[in-house]
Amino acid sequence: MAIVTSCHQQALAQQLNRIRMARVLSVLPQAQQQLFHLIPLMLQVNHADLPGALNENTPCGIDYFSLSDEAIAACKAMSLPIPTVLQPNSTAFEGVYAMGSSASFGQNQQSDIDVWLVYKHGLTQAELNLVNDKNKLLTDWFASFDFEVNFYLVHPMQFRDSNVCESGQSLGLEHSGTSQHWLLLEEFYRTHICLAGKTVAWWPSASQHTTAQYPHLLYLGDVTSLPAAEYFGASLWQLYKGLNKPHKALLKVLLLETYAAEYPNTTLITQQIWQLCEQQNFSCDNDAYLLLYYRIEQYLLAQEDHSRLEIVRRCFYLKSGVMLSQLSLQNEHDWRAHKMRQLVAQWHWSPELIAALDNSPNWHSGQLKWFNQQLSELLLTSYKNLLQFASTQALSDRMRVEELGLLARKLHTYFSDDDHILQPLNRLWSLSIQEPQLIVRYCEASTRFYLYRQMPPESVASEDELCDSLASIHANQVIHDADNVCSLVSWAVMNGLATADTKWTQVGRGRRRADKLGYLSRKLIPVLHNVPMVSKRHLCEPWFYQKIVFVVNVDDDPTVNWQGQELMFDYLDLNVLSFGRDKTNLISSVAVVCLNSWGEWHSHRFHGDTALLEAISFIVLGLKRSDDKVDLSIISCSAKLKQPIFNQLKGLLFRCYGLMKKVSQTNTLMHQITVGEFRYGMYFNSLGMMYRKIDTTVKKDLVENLVLARPELIDDPYASVPSVIQQFVATGAKQYFLRERNEILDVFIVDENNQLTQKQYQHVSMKDFVGKESHLYVFNQRQQRLPVFNMPQFFQLCRRDGELQVHPFGLSDDEMGTAF
């Protein structure tokens, strides 16, 4: 009876596999169908004339592989040789499987293909490195045909044995690292397609004994007892994925929330799919993505949360790519079209709404901003619910704390409520969001600036209710707002709304103001668009500035009253900060637009006579850690004297940069500067710069470049700690510096305001301390300030060649160099 049951289960799994194979091919264009058939062949052989042939020693071969007629036809169509020798001496892979949205309601023309390569456990790390190199070549080759295929190495025991490494694949853009484990396997079970190799034994009664009896089956693990500890890491990972594809991440985060709400009696979608298979239901109702939607719908209806449900429906529709208002002869026969028509009828969607969603490649910035806001709010709502659920659990012991910190740091940029951060606008499906005209409006009541696509009406609603149609999101609604106009222009430039041809207008202001905004916009374009890569090393170390833009006199402009000639100004070497008999300061406002190494754009505005001094004091600490590649730009928006202001400001900034680089822990460097009627001393030390008025009776040459001992050194808490710590201090982030000495753990804690405390622990390991502190931060301190992802940074103090050095905790040098 057991044999009959097992054979029956295999037959059901193989029948579902055939149906999924037909579905994935039906949606792909013909050229991509041929490429899809070639995936297993490329991994079966190493042929010199086939893509991916890098090293003849690269492991290859798949158990039970047979060359299909479709693969032969694909080779002929692609003018590729058909290998005469197909069977290597030994096989490297137990199976090759596509997983994810392929063959489901989630597959669209832009969907990528994720391929799991389950390799033999006997492969060495050197051999796995060769396979990885080949996979990269194959990914590049497929990409040359506009077909995205990503390969992942999977150890056959990695879900069953916690001691098995993850084949060296750490956290990255396409790999979740240790942030999720069983949930990843559950997704694989419910979505996979066997391209070649062993049949996956994923039915509920399968076990390791099944594969012992049937060697042509592959059993990866049991997902029915999914641990609660994994939900938090998985939700962080989905939020991170949502930075690029929020509509897709929203569905998965809400599925996590649904699973958590049912815990511990959770019915997994994998189990639902198998129940339908046993009922011989292989219709479109037995689809992983459709069942995912139904589960979320059921959950939200029970919560009576119709607002979230409406956005979920739009995300599901857009993810499918089935455009009901634009069905062509090709996609009229899409196996999902009939079901999608039934769904939108049940949802009572209007033809206008469907047309607006189908027109998503042409959405303007107003529609995008509105939809982005909805997605972000819903993602954070789900995250809060999951965090509350996870707060009663321990952090997953599988998840590396350093990867938790990396994910949180990346999310902080996008979900921070800091008004000074320039938030990126996700373009979603829009091909272009550049605007021919942008209008700025200042509101005295709120003291804020507002950005519009077209001239706003006299009264503008601050919030819009959920619309029946995206088409009703009008152009005259607020796109963005900020506390200063430079932030507004910078945001528009950074996100591609403003181009060199964009016409600017400010309500109630004349042509001169419009010209100034246009000038600022054009000057910012090359600076804000060419940004360096953010690596893991950047995210796990203190931030430093990579780009700084000083924008001068964008608001009040004292130079409009200047009646002389600029040549005379330069010739006489006059001081723009203290000019003429009245000692007029010709710089009345300074806006600082800066990019830090974490990939965050910030904008701050300073005004008044000491605006420049305040701006320099604000940036110098971040400049201390910058390298010589830091990009310092100056944009003078003055009506006159642009060049003299530029020249003198440039000289001053480079002088300050040089002084900040020279200071040590034990000294202070002072530079004197005259601003308006007063002379100021700019005092640089290892913690930044402060300025104060100095006695004008003292001759200038007596104080210029004066080197002083740190006057506060006696009371300075930093005096008794390793000096190397001061090189890593950064405002806005809590930092732990850890040093193990015999049985003692020294802990130096620098808070967000650079206040230092010291502690010692006995018989506590560094790993245990980091894990405990991370748990406390996530589940206790955060409750009062959600949603903030500003996780502490942990550093290890260790000696190398006799020198005390600081290294990010838990990350290797090889790992830190990769992009993230």
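Visitor: Which residue in strand 21 is the bridge partner of Val-750?
Guide: This is a predicted model, with local features given at pLDDT of at least 70, side-chain atom pairs only at pLDDT 80 or more, and totals for chains, interfaces and linings over all residues. Residues are numbered from 1 along each chain as its sequence is written, and side-chain values use heavy atoms, without hydrogens or water. Strand 20 pairs antiparallel with strand 21 (residues 756-762) over 7 bridges; pairing takes at least two DSSP bridges between two strands. In strand 21, Val-750 has as its bridge partner Leu-756.

Visitor: Which residue in the turn between strand 20 and strand 21 has a positive phi?
Guide: The two strands form a hairpin with 5 residues between them. Strands are DSSP E runs of at least two residues, helices H or I runs of at least four, both numbered from the N terminus. A positive phi of about 70° belongs to Asn-754.

Visitor: How many residues lie between the strands in the hairpin of strand 19 and strand 20?
Guide: Strand 19 (residues 735-741) runs antiparallel to strand 20, joined by 7 bridges. Glu-740 has Leu-745 of strand 20 as its bridge partner. In the hairpin, Asn-742 takes a positive phi near 55°. The number of residues between the strands is 2.

Visitor: Why is strand 20 called largely enclosed?
Guide: Buried means under 20% relative accessible area with a 1.4 Å probe, counting protein chains only; exposed is over 50%, and partly exposed lies in between. Strand 20 (residues 744-750) is largely enclosed by the rest of the structure because its buried residues number 6 of 7.

Visitor: How many of the 11 residues of helix 7 are buried?
Guide: Helix 7 (residues 231-241) is largely enclosed by the rest of the structure. Its buried residues include Phe-232, Trp-237 and Tyr-240. They pack against helix 5, helix 8, helix 14, helix 15 and helix 23, with contact meaning heavy atoms within 4.5 Å.

Visitor: At what angle do helix 8 and helix 10 pack?
Guide: Helix 8 (residues 246-262) and helix 10 (residues 288-303) have axes 9 Å apart. Axes are lines fitted to C-alpha atoms, for helices over the stretch in contact, and angles run from 0 to 180 degrees between N-to-C directions. Helix 8 is oblique to helix 10, the class left after under 35 degrees (roughly parallel), over 145 (roughly antiparallel) and 65 to 115 (roughly perpendicular). The packing angle is about 60°.

Visitor: Which residues of helix 10 make that contact?
Guide: On helix 8, the contact residues include Leu-251, Leu-255 and Tyr-259. On helix 10, they are Tyr-289, Leu-292, Arg-295, Ile-296, Tyr-299 and Leu-300.

Visitor: What is the strand order of the open sheet of 4 strands?
Guide: The pairing is mixed. The edge strands, strand 13 (601-607) and strand 14 (631-636), each pair on one side only. From one strand to the next, the twist averages 15°. The order is 13-12-11-14.

Visitor: Which strands does helix 20 lie across?
Guide: Helix 20 (residues 611-624) runs at about 175° to strand 11. Strand 11 is joined to antiparallel strand 12 by 7 bridges. Helix 20 lies across strand 11, strand 12 and strand 13.
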